[in-house]
Protein chains: 2
Amino acid sequence: MSIYEQNLGRTPANHVPLSPVSFLTRSAGIYPNRVAVIHGERRYTYAQFAERCRRLASALQSAGIGKGDTVAIMAPNTPEMLEAHYAVPMLGAVLCSINTRLDAAAIGFILAHSEAKAVLVDREFATAVQQALPEPPLLVVDIADALTPLGPAIGTIDYESFIAGGDPNHPIELPDDEWQAIALGYTSGTTGNPKGVVAHHRGAYLNACANALTFGLSPKSVYLWTLPMFHCNGWTYTWAVTLAGGTHVCLRRVEPAPIFAAIAEHGVTHMCGAPVVLSILIHAPPETRRPLPHTVQIATGGAAPPSAVIAGMEAMGFAVTHLYGLTETFGPATVCLWQPGLDEMPLDDKSAFMARQGVATPMLQEAAVMDPETMTKLPADGTSMGELMLRGNTVMKGYLKNPTATEDAFAGGWFHSGDLAVMHPDGYVEIKDRAKDIIISGGENISSLEIEEVLYKHPAVMEAAVVARPDEKWGETPQAFVTLKPGAEATAEDIVAWCRARMAHFKAPRHIAFGPLPKTSTGKIQKFELRERARRR
Amino acid sequence: MSIYEQNLGRTPANHVPLSPVSFLTRSAGIYPNRVAVIHGERRYTYAQFAERCRRLASALQSAGIGKGDTVAIMAPNTPEMLEAHYAVPMLGAVLCSINTRLDAAAIGFILAHSEAKAVLVDREFATAVQQALPEPPLLVVDIADALTPLGPAIGTIDYESFIAGGDPNHPIELPDDEWQAIALGYTSGTTGNPKGVVAHHRGAYLNACANALTFGLSPKSVYLWTLPMFHCNGWTYTWAVTLAGGTHVCLRRVEPAPIFAAIAEHGVTHMCGAPVVLSILIHAPPETRRPLPHTVQIATGGAAPPSAVIAGMEAMGFAVTHLYGLTETFGPATVCLWQPGLDEMPLDDKSAFMARQGVATPMLQEAAVMDPETMTKLPADGTSMGELMLRGNTVMKGYLKNPTATEDAFAGGWFHSGDLAVMHPDGYVEIKDRAKDIIISGGENISSLEIEEVLYKHPAVMEAAVVARPDEKWGETPQAFVTLKPGAEATAEDIVAWCRARMAHFKAPRHIAFGPLPKTSTGKIQKFELRERARRR
């Protein structure tokens, strides 16, 4: 045995489980009087925020919640949602944040599958949850937010009464082991039942650090909640902002007027959101706009920001960063990092660069493009397409009660993202398509993203999505779905001609459909729905 | 068993040992063409830096170095020293950086106690190492730096020839377990033989993250090496700067002209150093000074910066941060964090605030002031004095081959710092004295630091230190040792009167001795030597 292994084991003095719960202890200690949370007229300092979290933990514990139990929550971006992100993990319990756009059937599936012992419900969403409640009944706590019209009270107790009964000095405890589950998030699931992604304390801690490092969060940061907290725990910003000692600005709805108002009034420095958030801001009615007090960092993911979106955002004073990740990777796994010279690039080159998903975040070990059959890395030549694979400490524990899906996802020691990508010679990854979104026409692969990028450059196009349409001769051909900008006009022929002038003819869509696009609650266009439409035509 | 523990174990896809070796892999991948290291006319990009590290690891491996072996290095802040910080841990071996001011006897003790299998020696220090080499001989590699007159070649091979024989594609491997030792640092040891502090990969990784977060390191950061890398691995900045993708600017000697030149020419953004570094800059001859291109962040530790030092540094364009830590805590453990309003404070109030050691760094779990007998926390009232205790993941594994010292240091689940401190109501720690530096006069505790703070405010005083002097009547009385500023004059009577006007008379020193102060290689005043002098008088 090496001399370094003799009498040098772990002790309570030098080894503590990594958990984002620690961030609350530290910021409450250091910044007791700084504003931690803003919501409408409500303000909680870090001391008050910590006390509310302790009370909630204590009240849940008194109700029988403990280690390994699931606590569900159905709420928009409110203080209660943030509080649950600390109180539930403090007990060793697991927080399951439910997508607020789900219907009763989907909610019912999640409550049953997660074996939830309690659910906290914002009363705006009470009706759907009420229909979903299982037998025997579980603990239901009603959240009554003064900022919204209230739905019915369906629980046994109101949130404020519930936490009033909790101990304000309940200890902020760490898990026994950093590998313990901290959160459960259900993927939107384009087919069949959703999968429950289990996050661990270690990864939550490290991804929060990675976010704070990558975006330069500091005690002066003011973070606006334009990203749903139910979406991978708000990409772990629920914890990262607290780590930095910054201020959380809550927001129930993504609408331009309250966003511009919050930025101007609270001095927002950072925010995140799906591309739809950026579109909403760019196309905001003039009367809702207010000048930005300084450059605001906005991180976006889920799809590459088209050049028009980057230009529009920068013109307003935002600095856009493109991220990529999945629920399985605690949100951000790669980031299209700034490189010297990027600021001076012409917009088209810059947006082409920024369309890349980029490089591994600081705490992810590695992002690679591999052949999923042989599990070997493909050349970093910008053209060899393979599956984007990820590995490191910011990857989930696995899928709840689904060992087969877990094994498949981790086959060969890497997490299989399901996205098809190339690795550029500079080490930046660029996703060409979801494996299932690729269009195979006459044996040739056509990237739906490549066509969408051309469509987004058309002056009349606000949003676009391309899917495969079954074709007797070619097997599949691309079909485009397009939403025009308010007041803009364009015919299908115009748009087909625009595409044919800018890409190989076999790639250009032959069919264009106009109208609003179906979207998930996180702003992702629902391609499975569009594929259905293309099939029915 | 909870549903969250079923089929959700660690896999290579979702669990990787935390090690700062990962930072090199990532930055070499993302920033291959960015300058990683500057030394005189030498420049290494991140790709070149990584290649040199791989070659060194490969050459050491070929020489028989492997997991758990100690590799010593005696070198100032050069590229080779940085390379050793990656190459040695890549092999699972342990880097022992030797203080370059040690004599042959101390070096010999370290080489023997650490069971070093190899030593890399900068030829400036060859003579002392040669005298210290044990029998049977170990592998000795000579580093010949063109920036300094060379001492004798005492090894079997020159560093550049050694790494030229190494494989440029040697894999950058992680340790089997993040709890493995990464580095060994010997404390300066005021009595008896020094103790070998064993650092682990997990703590090195996390403290580097904490430094990057606290000081806002980014890819644009340029870090000047005014702190010795042999001192707690440069407070883990050896790894933190690489994590951020910043540039390391090497420096063999702390002298004003090359420091001001490096700042001006390379656009230095961050640096660290003992208070002596700040003094050197403040008292720099006018012809060596050059204007700073922008505000330069400088972190200092080892002693609180006196108000005159803060004012002098700020006048030159530096922003000073006060840190506290020990070799046992990977360097920085607490930081006197900025608080709103600090910038606007009058200088005296500001320097009084900045004299505090502050709050736990983001990755240390907790800093507390406790009664070491009962292990209970003392009130945070700014007056109850107890021992500063620390716990968390950035605390050492323990002392090498010294289980008794390790047990004592970790008694009760906390690392005992040996410093006497109070906790202010705002949660900031302030050290009043080393346990052994307190003066007990007529049964009253007198803080030597309190007297020193008053002495430093005297316009003629450049440096000051106070220790206990044996006294028949009082037991002990304070004795001051003072160095005057160049050209300044003051008598012992002047200085005694200055102190009596500013503190309780029983605290004021009665005896003043003038002359240069004995210092450790890291710039700390050697109080044990002064205590000897006070005893002999």
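In chain A, 5 strands form an open sheet in the order 18-17-19-21-22, with antiparallel pairing. Strands here are DSSP runs (E, at least two residues), helices are runs of H or I of at least four residues, and both are numbered from the N terminus. Two strands pair if DSSP finds at least two bridges between them.

This is a predicted model: local features need pLDDT of at least 70, side-chain atom pairs count only at pLDDT 80 or more, and totals for chains, interfaces and linings use all residues. Residues are numbered from 1 along each chain as its sequence is written, while chains are lettered from A and ligands numbered from 1 in the order in which they are written.

Strand 18 (376-377) and strand 22 (429-434) of chain A are the edge strands. Each pairs on one side only. Strand 17 (residues 364-371) of chain A pairs with strand 19 (residues 386-392) of chain A over 6 bridges, in the antiparallel sense. Among the bridge partners, Ala368(A) faces Met389(A) in strand 19 of chain A.

**Two packed helices**

Helix 11 (residues 275-282) and helix 12 (residues 307-316) of chain A pack at an angle of about 55°, their axes 10 Å apart. Axes are lines fitted to C-alpha atoms, for helices over the stretch in contact, and angles run from 0 to 180 degrees between N-to-C directions. That angle makes helix 11 of chain A oblique to helix 12 of chain A (under 35 degrees is roughly parallel, over 145 roughly antiparallel, 65 to 115 roughly perpendicular, the rest oblique).

The table lists the residues that meet.

| Helix of chain A | Residues in the contact |
|---|---|
| Helix 11 | Pro275(A), Leu278(A), Ser279(A), Leu281(A), Ile282(A) |
| Helix 12 | Val309(A), Gly312(A), Met313(A), Met316(A) |

By class, this contact has 7 nonpolar, 2 polar and no charged residues. Ala, Val, Leu, Ile, Met, Phe, Trp, Tyr, Cys and Pro count as nonpolar, Asp, Glu, Lys and Arg as charged, and the others, Gly among them, as polar.

**Where the chains meet**

The contact takes 49 residues from chain B and 49 residues from chain A. Residues are in contact if their C-beta atoms, placed from the backbone, lie within 7 Å. Helix 1 of chain B gives the largest share of the side of chain B that touches chain A, 4 residues. That side divides into 26 nonpolar, 17 polar and 6 charged residues.

A rotation of 180° with 0.0 Å of shift along its axis superposes chain B on chain A (RMSD 0.1 Å). The two copies are thus related as by a two-fold rotation axis. Superposition is by least squares on the C-alpha atoms of residues with pLDDT of at least 70 in both. The copies meet through the same surface, because 100% of the interface residues of chain B are also interface residues in chain A.

Notes:
Contact = placed C-beta atoms within 7 Å.
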